[in-house]
Amino acid sequence: MKKQTRYGHIGVLTSGGDTPGLNAAIRGIGKSAAHQGLQVIGFKDGFRGMMENRAVRLDNGMLSGILTLGGTILGTSRDKPHKMPMGGSIMDMTDVVVENYYKNHLDVLVCLGGGGTLKNAYRLSQKGLNVITLPKTIDNDIVGTDTTFGFDTALGIAVDAIDRLHSTASSHHRIIFVEIMGHRVGWLALGAGLAGGADAILLPEIPYTIDKLADSILERVNRGKRFSIVAVAEGAINKTGAQKIAAVEKKMENAEGEERRKLKEERKRLDSEYRGSTIQLVEELQKITRLETRLTILGHLQRGGTPSAADRLLATRLGTKAVEFINNGQFGMMVAVRGNETEAVPLGDVAGKINYVPPDHPLIISARNVGTSFGD
Ligand code: F6P
């Protein structure tokens, strides 16, 4: 007999960048909930769809055949309830989102998303809604969880790309840079660079100088190696940029109000000046080394296609676990991964925090030990 719990009505949404494994997670929630006699609706296009009350019933028909599909059957957006673009202006639509939660008689809202989604979910939980989040992002930048679903698939795609670039770099005796997503953290570039045998890896967490990078490549040339692969995280930054940003962040520690707002603007400006400048970096390196150089930017390729087996397993595990949380009345929590287990982590402990690669991480030490340069 189906067990009816106190929390019979579940709402689900996917928010932020799409990630392989989202559909596996939706299916995990939906099928497990149906098994227990709970009803699930999905909001289309993240918080925007919830604000516009665009919902669909996640019944068996919707949930079947989606385990292996990339993207999200619900659609997604980067809209935030408290800063929603509305016909040319930005408005706080939180109250409408809250209203639609009650209009749909929801007992809980499950938000599948990354760092931005966590913050939005936390705000809604502070408004009194029962909220649970699942950690999804290819960037692996969420604190409080060992990993996030989507990361493994994106890593596999980036490693495959580096493998393919190796043979062409070697044939043409070229330096090939490959820019890898990851936002402000270097997990993807580090993992793909090390697994793909990149000769240099540039990460946001280890600011580089172009001279050190050039030295490492020329040193390879001296050893008779006529090609090199450089894996660059999209958020990689040189030492000058990193120092300028650190100085602004220092001032921010004691700043409030208007002064803090201005400092935040300045940090944003420095970020866009110094990060994501791989094209310029490639041109400069070519000038210094006089070696023929090319750049491949993987971009959204890393988010596309079917999820890896590991991501399907993880997303299914987290989705079904969310329903256990619901049955236990555990709300205001992220379903976090801890080894083979999962645990409930309070949203307030993780919202707004970023999981950076520690510069002494074992993978960095291993990479250095096999002779990989970090340009530092
Ligand atoms: O957070 C996932 C991610 O793919 C980042 O790696 C990247 O910086 C960003 O999203 C790209 O965002 P968008 O899809 O909005 O261009």
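The exercises below treat the ligand site, the nonpolar core and some single residues of a predicted model.

Residues are numbered from 1 along each chain as its sequence is written, and side-chain values use heavy atoms, with hydrogens and water left out. In this predicted model local features need pLDDT of at least 70 and side-chain atom pairs count only at pLDDT 80 or more, while totals for chains, interfaces and linings use all residues.

**Exercise 1. The ligand shell**

Task: State which residues surround the ligand and how many of the shell are nonpolar, polar and charged.

Solution: 
- Step 1. The surrounding residues are Arg 78, Ile 138, Asp 139, Met 181, Gly 182, His 183, Glu 234, His 300 and Arg 303.
- Step 2. Ala, Val, Leu, Ile, Met, Phe, Trp, Tyr, Cys and Pro count as nonpolar, Asp, Glu, Lys and Arg as charged, and the others, Gly among them, as polar. The shell then splits into two nonpolar, three polar and four charged residues.
- Step 3. The ligand lies between domain 1 (9–149 + 307–339) and domain 2 (152–237 + 275–303 + 358–369), because both give residues to the shell. The domain bounds come from an automatic or database domain assignment.

**Exercise 2. Distances and burial of the ligand**

Task: Find how far polar side-chain atoms of Arg 78, Asp 139 and Arg 303 lie from an oxygen atom of the ligand, and what share of the ligand area the protein buries.

Solution: 
- Step 1. For Arg 78 the distance is 2.9 Å.
- Step 2. For Asp 139 the distance is 2.7 Å, and for Arg 303 the value is 2.7 Å.
- Step 3. Taken alone, the ligand exposes 400 Å², of which the protein buries 71%. Accessible areas come from the Shrake-Rupley method with a 1.4 Å probe; for residues, only the protein chains shown count as cover.

**Exercise 3. The largest nonpolar core**

Solution: 
- Step 1. A nonpolar core is a set of buried (under 20% relative accessible area) Ala, Val, Leu, Ile, Met, Phe, Trp, Tyr and Cys residues joined through side-chain atoms within 4.5 Å. The largest has 33 residues, and those with the most contacts inside it are Val 178, Ile 180, Leu 203, Ile 229 and Phe 374.
- Step 2. Helices (H or I, at least four residues) and strands (E, at least two) are DSSP runs, numbered from the N terminus.
- Step 3. Helix α6 gives the largest share, nine residues.

**Exercise 4. A buried aspartate**

Task: Find which side chain is joined to that of Asp 79 by a polar contact of 2.7 Å.

Solution: 
- Step 1. Asp 79 sits in the loop between α3 (60–63) and β4 (84–86). With a relative accessible area of 14%, Asp 79 is buried.
- Step 2. A polar contact is a pair of N or O atoms within 3.5 Å; within protein, one must be able to donate a hydrogen and the other to accept it, and residues adjacent in sequence count only if both atoms are side-chain atoms. The partner of Asp 79 is the side chain of Arg 48.

Note on methods:
Near = heavy atom within 4 Å. Buried < 20%, exposed > 50% of the residue type's maximum accessible area, 1.4 Å probe, protein only.
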